Each structure stands twice: as structure tokens, then as C-alpha cells.
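Biologist: I have a new structure open and have not looked at it before. Can you walk me through it?

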Amino acid sequence: MDDINASDLAAFRREVRDFAQANLTPEMRDRVRQGFHATRQDMADWNRILHGRGWSAPHWPVEHGGTGWSALQRMVFDIDMADCDAPELSPFGLFLIGPVLHRFGSEDQKRRYLPGILDGSTFWCQGYSEPNAGSDLASLRTRAVRDGDHYVVNGQKIWTSEAHYADMIFCLVRTDTGAKAQAGITMLLIDMNTPGITVRPIITQDMARYVNEVFFEDVRVPVENRVGDENKGWTYAKFLLENERTASAYLPQSKRDLKRLKAIAGRMAADEGDGPLIDDPAFDAEIARAEIDLTAHEMMIWRVLSDATGIDSAAAASMIKIRGAELRQRISALWIEALGPHALPLYGPKPDSNTGFGEPDAPGAMSQFLIRRAVSIYGGTNEIQHEIIAKRGLRL
Ligand SMILES: Cc1cc2nc3c(=O)[nH]c(=O)nc-3n(C[C@H](O)[C@H](O)[C@H](O)COP(=O)(O)OP(=O)(O)OC[C@H]3O[C@@H](n4cnc5c(N)ncnc54)[C@H](O)[C@@H]3O)c2cc1C
């Protein structure tokens, strides 16, 4: 599958790590380590820096600014960047709507929107879920009615990540109320500065603003901002969701987190006077189990990337998503177990001043543990992924 040899790969990894060390500011890294959601500024700056090196969208086709790297290079790039505490780039442009536009967008849409995604100057958000349409997305009710050269949009989206940063939203709207649910949906690209759009924050249990409600009141959207055909939005929406699930493997993050878990367990004692937790056979077994499962997860991802499973692609994406989410949650729960009371504060201004106990890995552990409850919800809950595996993979 990959024609890069071991020494070229080692040189490539050195190049990636050197680049990250040279270009990440201490502030960016600290915010990542302390578990803060990346700021728009951090994501935009890092995206621009990567773009300057031609590395902002390795997975894109070369003609649109991709690198032409092999799957192995892309994977180790992500692993090394996460290991260096680089901020994760906003996924909504690069991973979600970008590939949809490559495949289904008009030439005008490609010209207008892809450059801003590639260089990180335009931020996007995803307007799929509604108060009564999450798992059952096809029951969405945000309405778009044609009025000459425009659609007029009314309705509400919810859980819209990064809507407060976004310049644009890609939105599923209902354009035909008479058709079967999936058949009456259209995808629109909407400028967030259009009159009639209101964004309200939702504060999550990590006390941060990441998600929002977005309201549309008589919002006029030019017809040329429709992706593909009217009433065919479900096709583009499904293509995008499959990409979202494959991107949700969380392998780079979980590898970094496991390393951090070992560092914590190497320092913390179960009780005063005890040796480090890592020498406790029961805790050590937990770490070993997580590591074995993470290795198996990595192998599974490889097999899927090399098309070696023979499993339907949607079912494979769902399998990866479930496993990736479970591992992310399990490892962050082990952090909390290992840190004990040190984990209590949500955030710390500096790595060594979070608790007063001087435990350098405490800041951010609790906030990340809490927000990671959501990884088995967004992009479709684990229960829904099980249904997809049953239908598409097992043909039940
Ligand atoms: C942090 C976060 C960020 C998000 N970001 C975005 C975003 O940017 N854009 C966006 O559009 N959406 C976003 N979402 C929304 C997310 O996609 C939905 O929350 C998710 O699809 C579940 O929908 P719901 O919340 O309406 O729950 P429901 O669909 O009401 O589900 C409630 C429970 O019932 C279970 N359930 C439902 N149907 C079935 C079934 N058929 N079989 C078995 N169990 C079932 C579910 O698994 C779940 O446990 C985000 C959510 C979170 C938490």
C-alpha cells in the first residue's frame, strides 16, 4: 500500500517534528495540554503556518492543495503533530465540507470557498442537528422556500460546534415537505453574517463554550449557494457523515493520552507511602489493557485504510468511530483515577499552578474527561453506529 521505505519515513517524521517544534508557540501548546478548546486565533494561526509549508490539508486531492502523501505518511503526520501538542485544526472546512465541495460543488463554489478553507482564513460550522432531529436526522424541519434567485430559510439548529467562530455554515434544510423524509432535503452554504441569523451559546459541563444554538429567521440565501441538486441533500449529507466518522478514530490523540497516562501513573501513588501507581499490578493491568486495545484499534484503522477488511465502508467507519470514542473516554477516565483529588479543578492558568499540589499533568485532565463524554454522541451516537454496522455490515 505504501511505497515509502523505513529510513525515508524516519526522515519524514523528523522533518514533521522539527517543523512543529520550531513553529508552535509555547502558548498554543500550553492551551492544548491544559485541555482548553482551541481558540479561533490558535486554529487560524496554526492553519496558516501549515498552509505556508503546504501541509494544511494532506488528505485533499493534490490539484486542490493536498500533499499527495501516502496513507501511512498522513497517519504519522497526525500522530507526531498530536504528540507535539499542536492544536487540532477546525474540522468543519478541512474534513467535512471541503471534500463535499471537491466531489459535488460547482466550479464557482470550489473557487470561492476552497482557498479560504485551505489557508484557514474562513471558518465553517455544521448545521445538521435540530432540537427534534439528531439521531433521526431526516426528520429535520428547518425550512427553505424558493423565492426567485434565493431560498428563504426559517428554523433552528442545535449543538452547532464553533458556530461562534464561523464565517459560513453548511446547512441541511427541508425544501419539499410532501416527499419521503430523506428525499426533501437540500444542502445550503450560508454566510453567517446574513441578516436573520442569531447564535446563542450552550455552556457544556466543562464550563466552556464550544456548542451553540443557531436560529434562522427569513434568512435569504442565493440559489448559487446550493450544493448539487435541490432535494438531493441527503446524498451529500451521508457522504460527509462517513468522512466525519472515519476522521473520528482519535488514534493520534489517544496515543498521546496514553503516554500522558503512563507519566501520571509513574508519579502518583495510590496512597501515601505507596510506590508509584504504575507498579500497582491492578492499575498496570488497566494501562496494559488500554494499550493492547489501542494497538488493535490502530491495526483496524490500517486494515480499513488499505481496503483489506472487505467490510462495507459505512460499517467500517462506524466500527472505527465506536472504538475510537470508547478508547478516548477510557484513557481519560484512567487519568482521573490516577490523579485522584489532583484532578478536581477544571483548568489551570499554568501547568504547575493548577492545584497547588505541583502535579504537572493535572491541568485539563478533568475538563477533557468531561467533554469527552460527547465523543460517543456527536457524528452520530454509538447506538446509531451499532445500527449501521448491523444493517450495512451484517445485512441484518
Ligand atoms: C459536543 C457536541 C458537539 C456537537 N456538534 C454538532 C455540530 O457541530 N453540528 C451538528 O449538526 N450536530 C452536532 N452535535 C449533535 C449530535 O450530532 C447529536 O447530539 C447526536 O446526533 C444525537 O442526537 P440527539 O442529541 O438529538 O439525541 P437523540 O437522537 O435524541 O438520542 C438520545 C438517545 O437515544 C438513543 N437513540 C436514538 N435513536 C436510537 C435508535 N434508533 N436506536 C438506539 N438508540 C437510539 C441515542 O443513542 C441517545 O443515547 C453535537 C453534539 C455534541 C454533544
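**A first walk through the model**

Modeller: Isoleucine 389 is a buried residue, its relative accessible area being 17%; buried means under 20% relative accessible area, exposed over 50% and partly exposed in between, with a 1.4 Å probe and protein chains only. Before going on: this is a predicted model, where local features need pLDDT of at least 70, side-chain atom pairs count only at pLDDT 80 or more, and totals for chains, interfaces and linings use all residues. Residues are numbered from 1 along each chain as its sequence is written, and side-chain values use heavy atoms, with hydrogens and water left out.

Biologist: Where does isoleucine 389 lie, and what does it touch?

Modeller: Isoleucine 389 is part of helix α12. Not counting residues up to four places away in sequence, isoleucine 389 touches Ala315, Ser318, Met319, Ile322 and Leu394. Contact means heavy atoms within 4.5 Å.

Biologist: And how far is isoleucine 389 from alanine 82?

Modeller: They are 29 Å apart in space, C-alpha to C-alpha, and 307 residues apart in sequence.

Biologist: Stepping back, how many helices and strands are there?

Modeller: The protein chain has 12 helices and eight strands. These are DSSP runs numbered from the N terminus: H or I of at least four residues for helices, E of at least two for strands.

Biologist: How compact is the protein chain?

Modeller: It is as compact as a globular protein of its length, because its radius of gyration is 22 Å, close to the 21 Å that the globule rule gives for 396 residues. The radius is taken over C-alpha atoms, and the rule is 2.2 Å times the number of residues to the power 0.38. Along its principal axes the C-alpha trace spans about 75 × 50 × 45 Å.

Biologist: What share of the residues is buried?

Modeller: Buried residues are 50% of the 396 in the protein chain. Of the contacts with a separation of 6 or more, 73% are between residues 24 or more positions apart.

Biologist: Which part of the model has pLDDT under 50?

Modeller: Residues 351–357 stay under 50, and the model has 16 contacts for them beyond four places in sequence. The protein chain averages a pLDDT of 92, with 96% of the residues scoring at least 70. pLDDT is the predictor's confidence in each residue, from 0 to 100.

Biologist: Phenylalanine 92 next. Is it buried or exposed?

Modeller: Phenylalanine 92 is buried, at 5% relative accessibility. This residue sits in helix α5 (residues 91–104). Not counting residues up to four places away in sequence, its contacts include Trp124, Cys125, Phe170 and Tyr210. Phenylalanine 170 is 78 residues away from phenylalanine 92 in sequence, and the two are 9.0 Å apart in space, C-alpha to C-alpha.

Biologist: What about aspartate 293, which residues is it in contact with?

Modeller: Leaving aside neighbours within four places in sequence, aspartate 293 contacts Arg323, Leu327 and Arg330. Aspartate 293 belongs to helix α9 (residues 281–305) and is buried, with a relative accessible area of 17%.

Biologist: Last topic: what is phi of tryptophan 159?

Modeller: Phi is near 60° there, a positive value in a residue other than glycine. Tryptophan 159 is in the loop between β3 (150–158) and β4 (168–174), and counts as exposed at 51% relative accessibility. Arginine 395 also is not a glycine and has a positive phi, of about 55°. Arginine 395 falls in the segment after α12 (382–393) and is exposed, at 61% relative accessibility.
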